[in-house]
Amino acid sequence: MFMHPLLSEIIDAYPDLKYALLEAQTFDAGHFGFPELYYKIMETDQVRINAFRRAFQHYNNFAGQVVCEVGVGRLALTKLFLPHVKKAYLIESNPHLFDFLEAEIDQNGWQERVVLFKADALNIQLPEPVDYLIGENMSIYCANELQVPLFQHLRQFLRPGGKLIPEKIINLVQLGDTSFTPPRRHYPIFLTRHLPTLLTSQATVNTIDLYQATTEALTLTVEVEALLEGTINCAFLHSWVQCAPGANFTGTDSLMPPTVVQLREPVTVKAGEHLRLTICYTYGTSLDEAVFFVTKSL
């Protein structure tokens, strides 16, 4: 029977891989952004890429339109639509990518239709309105990454009737029990062995409408029911993304993976009890700074 040669190594490394994805996603000052490995993780994720491909196809690949994409990375998404557009404003702040981007634009003959901004998107003023604004600077609940503040700034340049991609994010939660290795207080799921033991029903926390969302501090409350008896010490987070009507993305290991975050303090529950979860955080800051705590409903 065929056995993949890497399977044994992965099994041996299960404990060490619990925080591996978190480390791969962590800002690398030496690389002015994601570590090199994480670009590869993103670019090889066909589930992620195909969700955006479907969104672009929904809008006829922006044929003859003016488009802005923020955080283009190594052009994994850009290459899907760039041959079709009238004009593209591409924004990237990582200086390690500038030579690569210029070479790709030159080699493909896109110089006449591309303006490359090598800067922080929050400081950019576009020279004209755009028909579409694209950006996948997302993280679970939009807690770590700058999706909301970037779109909040750039949507002023969106033409009336123009579209954002993605356009909304639905956040869901369950409560459960897991173990954490201090000082870590959260981790994205890489392997199912690291899923928490879930004890409650799932609930919708909120919907982020990216046409309207601002970076105000959030205080959100939601009620769930304990389905099993035990102790809960974590919240299990999902974010579902609508890139365009009919083009959806619900998280993979390269973008918005289901994530476990520690509660402020553990709570012992019995089946049938109703629990109130309160979540406090600000978009684009840090999930480690967010506060999650549970009280029992009367």
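Two strands are taken to pair if DSSP finds at least two bridges between them. The model described here is a predicted one, and every value below is computed from it.

**Strand 11 and its partners**

With that criterion in hand, strand 11 and strand 13 pair in the antiparallel sense, over seven bridges, and Ala235 stands opposite Val261 in strand 13. Strand 11, which spans residues 230-244, also pairs with strand 6, again in the antiparallel sense but over nine bridges; within this pairing Lys168 has Gln242 of strand 11 as its bridge partner. A further antiparallel pairing, over three bridges, joins strand 11 to strand 12 (residues 247-249), where Phe249 is the bridge partner of Val241. The hairpin of strand 11 and strand 12 has two residues between the strands, and in this hairpin Gly246 takes a positive phi near 85 degrees. Strand 11 is mostly covered, 13 of its 15 residues being buried.

Five strands form an open sheet with parallel pairing, in the order 3-2-1-4-5. Strand 3 (114-118) and strand 5 stand at the edges with a single partner strand each, so one side of each is left without a neighbour in the sheet. From one strand to the next, the twist averages 15 degrees. Strand 2 (residues 87-92) pairs with strand 3 in the parallel sense over five bridges, and Lys118 in strand 3 is the bridge partner of Glu92. Helix 7 (residues 147-154) packs on this sheet, where it touches strand 1 (66-70), strand 2, strand 4 and strand 5, and the direction of helix 7 makes about 165 degrees with that of strand 4.

**Salt bridges**

| Salt bridge | Closest N and O atoms |
|---|---|
| Arg184 with Glu23 | 2.8 Å |
| Arg159 with Asp131 | 2.9 Å |
| Glu273 with Lys296 | 3.4 Å |

Arg184 forms a salt bridge with Glu23; Arg184 lies in the loop between strand 6 (168-177) and strand 7 (186-188) and Glu23 in helix 2 (residues 20-25), so the pair ties together parts that are 161 residues apart in sequence. Arg184 counts as partly exposed at 28% relative accessibility, and Glu23 likewise counts as partly exposed, at 46%.

Arg159 forms a salt bridge with Asp131, and because Arg159 lies in strand 5 (residues 158-165) and Asp131 in strand 4 (residues 130-135), the pair ties together parts that are 28 residues apart in sequence. Here Arg159 is partly exposed, with a relative accessible area of 33%, whereas Asp131 is buried, with a relative accessible area of 14%.

Glu273 is partly exposed at a relative accessible area of 24%, and Lys296 is partly exposed at 40%.

**Aromatic pairs and charges over rings**

The structure holds eleven aromatic pairs. Among them, Tyr19 and Tyr187 have ring centres 5.5 Å apart and planes at 75 degrees, so the pair is edge-to-face, given that planes over 60 degrees apart count as edge-to-face. Tyr19 lies in the loop between helix 1 (7-12) and helix 2 and Tyr187 in strand 7, so the pair ties together parts that are 168 residues apart in sequence. Both Tyr19 and Tyr187 are buried.

The rings of Tyr141 and Tyr281 have their centres 6.4 Å apart and their planes at 45 degrees, so this pair is tilted. Tyr141 lies in the loop between strand 4 and helix 7 and Tyr281 in strand 14, so the pair ties together parts that are 140 residues apart in sequence; Tyr141 and Tyr281 are both buried. Ring pairs also link Phe52, Phe56, Tyr59, Phe62, Phe81 and Tyr132 into a cluster.

Arg184, already described as a partner of Glu23, has its charged end over the ring of Tyr19, 4.4 Å from the ring centre. The charged end of Arg264 sits over the ring of Phe293, 4.2 Å from its centre.

Technical notes
Residues are numbered from 1 along each chain as its sequence is written. This is a predicted model: local features need pLDDT of at least 70, side-chain atom pairs count only at pLDDT 80 or more; totals for chains, interfaces and linings use all residues. Side-chain values use heavy atoms; hydrogens and water are left out. A salt bridge is a side-chain nitrogen of Lys or Arg within 4 Å of a carboxyl oxygen of Asp or Glu. Helices (H or I, at least four residues) and strands (E, at least two) are DSSP runs, numbered from the N terminus. Buried means under 20% relative accessible area, exposed over 50%, partly exposed in between (1.4 Å probe, protein chains only). Axes are lines fitted to C-alpha atoms, for helices over the stretch in contact, and angles run from 0 to 180 degrees between N-to-C directions. Contact means heavy atoms within 4.5 Å. Rings of Phe, Tyr and Trp (its six-membered ring) pair if their centres lie within 6.5 Å; planes under 30 degrees apart count as stacked, over 60 as edge-to-face and the rest as tilted. A charge sits over a ring if NZ of Lys or CZ of Arg is within 6 Å of the ring centre and within 35 degrees of the ring normal.
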